[in-house]
Amino acid sequence: MTDAPGPREARVAGMRPAVVMLARSPFVAGKTRLSAVLDHRHATALRAALLLDTIESALAVGWPLHLHLEPAGHASQVETLVAADQVLAPHTSRVQWRPQAGGDLGARMIAAVETTLAAGHDVVVLVGSDIPDLPLAAFTEARAGLVALPRGTRVAFGPASDGGFYLVAATDVASLAAAFGGVTWSQPSVLADVTARLAASGREARLVASWHDLDTTADLDALLARPGEGARRTRAVARRLPP
C-alpha cells in the first residue's frame with residue numbers, strides 16, 4: 001500500500017481525493033441472496049471477509065478512507081475486526097469511521113459525499129463494501145476523469161453487470177442530487193436512469209471500467225473462477241463453505 005498524498009500535494013487541484021465506503025456491519029443479517037443457505041457462523045465469516053477485502057482494495061490507492069457504517073452501534077466491533085487483521089492493522093489510522101445517514105440509497109450516498117467534501121477533500125470516489133477484488137485502476141481512472149474539468153460538470157460511474165454501478169465519483173453534491181433524484185433503486189435500469197437525469201441537468205457522465213460486485217452465489221462462483229490474487233479472504237472463506 002502507498003502513503004496518502006502529503007501536505008504539499010494536497011494544495012494542487014485534484015490532489016485531495018478520498019474514498020468513501022457505505023458498509024453494513026458483517027455481524028448483522030444481510031446479503032441474503034448470497035448467504036441464505038448458510039448458517040450464522042459461515043454467513044458472518046463470508047460477510048466479514050467481503051468487507052475486509054474491499055477495505056484492503058480501497059486503501060491500496062493510498063487515499064484516506066471514510067467508512068460510513070450501519071448500524072452505527074457496531075462501530076467498535078467492526079473497528080476491532082479491522083484492527084485484528086494483520087494486513088489492515090498498520091493502516092487503520094487512514095480509516096475514518098462515521099455513521100450512515102438515513103434515507104434511501106441515493107440520500108445515503110449524497111450525505112456521505114457531502115460529509116467528505118466538507119472535511120476538505122476535492123474528489124470523492126464512493127464504493128460499496130461488496131467488491132472484494134476491486135482493481136486499483138477503478139479509483140485512479142475515476143479521479144482522472146474529474147480533476148481536469150470545472151467542479152460539478154461531470155460525475156464518474158463504474159458500471160456493474162446487473163445494470164447498476166459499483167462506483168460513483170464526484171466533486172460536488174448538487175450533481176449527485178440531480179442524478180439520484182427520483183431514481184428507483186435495485187432495478188436493472190439504475191445506471192441508465194441516473195446518467196439520463198445527469199444529462200438532463202446539463203452535466204456529463206463518465207463511465208470507467210466495468211467490474212463486479214458480489215450479491216449472489218453465482219457472483220461468488222464467478223469470483224472463484226477469476227484469475228488473480230485479489231479477494232484472498234473471501235476466496236479462502238468460500239472454499240471452506242459446506243457444499
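This is a predicted model: local features need pLDDT of at least 70, side-chain atom pairs count only at pLDDT 80 or more; totals for chains, interfaces and linings use all residues.
**Entry 1**

Is D215 buried or exposed? I read a relative accessible area of 14% for D215, and since buried means under 20%, D215 is therefore buried. Next I looked at its side chain, which makes a polar contact with the side chain of K31 at 2.7 Å. Leaving out residues up to four places away in sequence, I listed K31, R33, L34, D130 and D162 as the residues that D215 touches.

I then moved along to T216, which also lies in the loop between strand 7 and helix 9. T216 has 19% relative accessibility, so T216 counts as buried under the 20% cut-off. With residues up to four places away set aside, T216 touches R33 and L34. I also checked T216 against F139: the two are 77 residues apart in sequence, and their C-alpha atoms are 24 Å apart in space.

**Entry 1: the nonpolar cores**

F139 took me to the largest nonpolar core, which has 31 residues. I55, L65, F139 and L167 are those with the most contacts inside this core. Which elements give two or more residues to this core? I noted strand 1 (17-24), helix 3 (40-59), strand 2 (65-70), helix 4 (75-83), strand 4 (123-128), helix 6 (136-147) and strand 6 (165-170). Helix 3 supplies the largest share, five residues.

Beyond its neighbours within four places in sequence, L65 is in contact with V19, V20, M21, I55, A58, L59, R94, V95 and Q96. Another core, of 23 residues, lies apart from the largest one, and I found V20, I110, A179 and W185 among its members.

**Entry 2: helix 3 against helix 4**

How do helix 3 and helix 4 cross? I found that their axes come within 11 Å and cross at roughly 65°. That angle is why I wrote down helix 3 as roughly perpendicular to helix 4. I noted the crossing of the two helices as right-handed. On the helix 3 side, A48, L51, L52 and I55 make the contact, and on the helix 4 side V78, L81 and V82 do.

**Entry 3: helix 10**

Which residues of helix 10 (residues 232-240) are buried? My list reads R233, T234, R235, V237 and A238. I looked for what covers these buried residues, and the cover includes helix 3 and helix 9.

Note on methods. Residues are numbered from 1 along each chain as its sequence is written. Side-chain values use heavy atoms; hydrogens and water are left out. A nonpolar core is a set of buried Ala, Val, Leu, Ile, Met, Phe, Trp, Tyr and Cys residues joined through side-chain atoms within 4.5 Å. Buried means under 20% relative accessible area, exposed over 50%, partly exposed in between (1.4 Å probe, protein chains only). Helices (H or I, at least four residues) and strands (E, at least two) are DSSP runs, numbered from the N terminus. Contact means heavy atoms within 4.5 Å. A polar contact is a pair of N or O atoms within 3.5 Å; within protein, one must be able to donate a hydrogen and the other to accept it, and residues adjacent in sequence count only if both atoms are side-chain atoms. Axes are lines fitted to C-alpha atoms, for helices over the stretch in contact, and angles run from 0 to 180 degrees between N-to-C directions. Angles under 35 degrees count as roughly parallel, over 145 as roughly antiparallel, 65 to 115 as roughly perpendicular and the rest as oblique. A crossing is left-handed if the near helix is turned anticlockwise from the far one by less than a right angle, and right-handed if clockwise.
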